[in-house]
Amino acid sequence: MSDTLSVEIGKIIRRERQARGMTIEALAHESGRCKVSVARAETGQGSVKVIMLFDLLWALDCGQDVFLEILSLDASLRSTALAVKEAA
């Protein structure tokens with residue numbers, strides 16, 4: 001996962017957590033993850049594995065629109081990277 005994608009996914013996780021009034025500690029508890037892992041995911045530090053992403057989004061009770069937002073973001077970033085590569 002690219003650094004840009006990790007950061008953008010982190011922003012989505014933080015947005016959804018804050019929209020529900022949850023703390024990082026509460027999300028960690030609900031998702032079965034440690035607080036440090038959740039904080040790292042929210043700041044885009046390192047790659048978030050798919051299973052952890054699902055654990056967090058399910059713990060937040062996110063709808064399919066959030067999952068699709070992440071897929072769309074990934075597709076957009078890949079498309080941009082391909083266009084840059086082809087232009088070079």
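This is a predicted model: local features need pLDDT of at least 70, side-chain atom pairs count only at pLDDT 80 or more; totals for chains, interfaces and linings use all residues.
## The nonpolar core

The largest nonpolar core has 19 residues. Those with the most contacts inside it are I13, L27, L53, L56 and L57.

Take L56 as an example. Leaving aside residues up to four places away in sequence, L56 touches I13, L27, S31, V38 and A41.

Which residues of α2 are buried? They are L27, A28 and S31. These residues cover an arc of only 100° around the axis, so they sit on the same side of α2. An α-helix has 3.6 residues a turn, so residues three or four places apart point the same way.

The buried residues of α2 pack against α1, α3 and α4. The face turned away from the buried side carries H29 and E30, which are exposed. Just after α2 comes G32, with a positive phi of about 75°.

## Where α1 crosses α3

The axes of α1 and α3 come within 5 Å. They cross at roughly 115°. On the α1 side, the contact involves S6, V7, G10, K11, I13, R14 and R17. On the α3 side, A41, E42 and T43 take part.

What kinds of residues make up this contact of α1 with α3? Three are nonpolar, three are polar and four are charged.

## The ring cluster

How many aromatic pairs does the model have? The count comes to three.

W58 and F67 form another pair. Their ring centres lie 6.5 Å apart and their planes meet at 45°, so this pair is tilted. Ring pairs link F54, W58 and F67 into a cluster.

How accessible are two of these rings' residues? F54 has 29% relative accessibility, so it counts as partly exposed. W58 reaches 53%, so W58 counts as exposed. The cut-off for exposed is over 50%.

Notes: Residues are numbered from 1 along each chain as its sequence is written. Side-chain values use heavy atoms; hydrogens and water are left out. A nonpolar core is a set of buried Ala, Val, Leu, Ile, Met, Phe, Trp, Tyr and Cys residues joined through side-chain atoms within 4.5 Å. Buried means under 20% relative accessible area, exposed over 50%, partly exposed in between (1.4 Å probe, protein chains only). Contact means heavy atoms within 4.5 Å. Helices (H or I, at least four residues) and strands (E, at least two) are DSSP runs, numbered from the N terminus. The arc is that of the directions from the helix axis to the C-beta atoms. Axes are lines fitted to C-alpha atoms, for helices over the stretch in contact, and angles run from 0 to 180 degrees between N-to-C directions. Ala, Val, Leu, Ile, Met, Phe, Trp, Tyr, Cys and Pro count as nonpolar, Asp, Glu, Lys and Arg as charged, and the others, Gly among them, as polar. Rings of Phe, Tyr and Trp (its six-membered ring) pair if their centres lie within 6.5 Å; planes under 30 degrees apart count as stacked, over 60 as edge-to-face and the rest as tilted.
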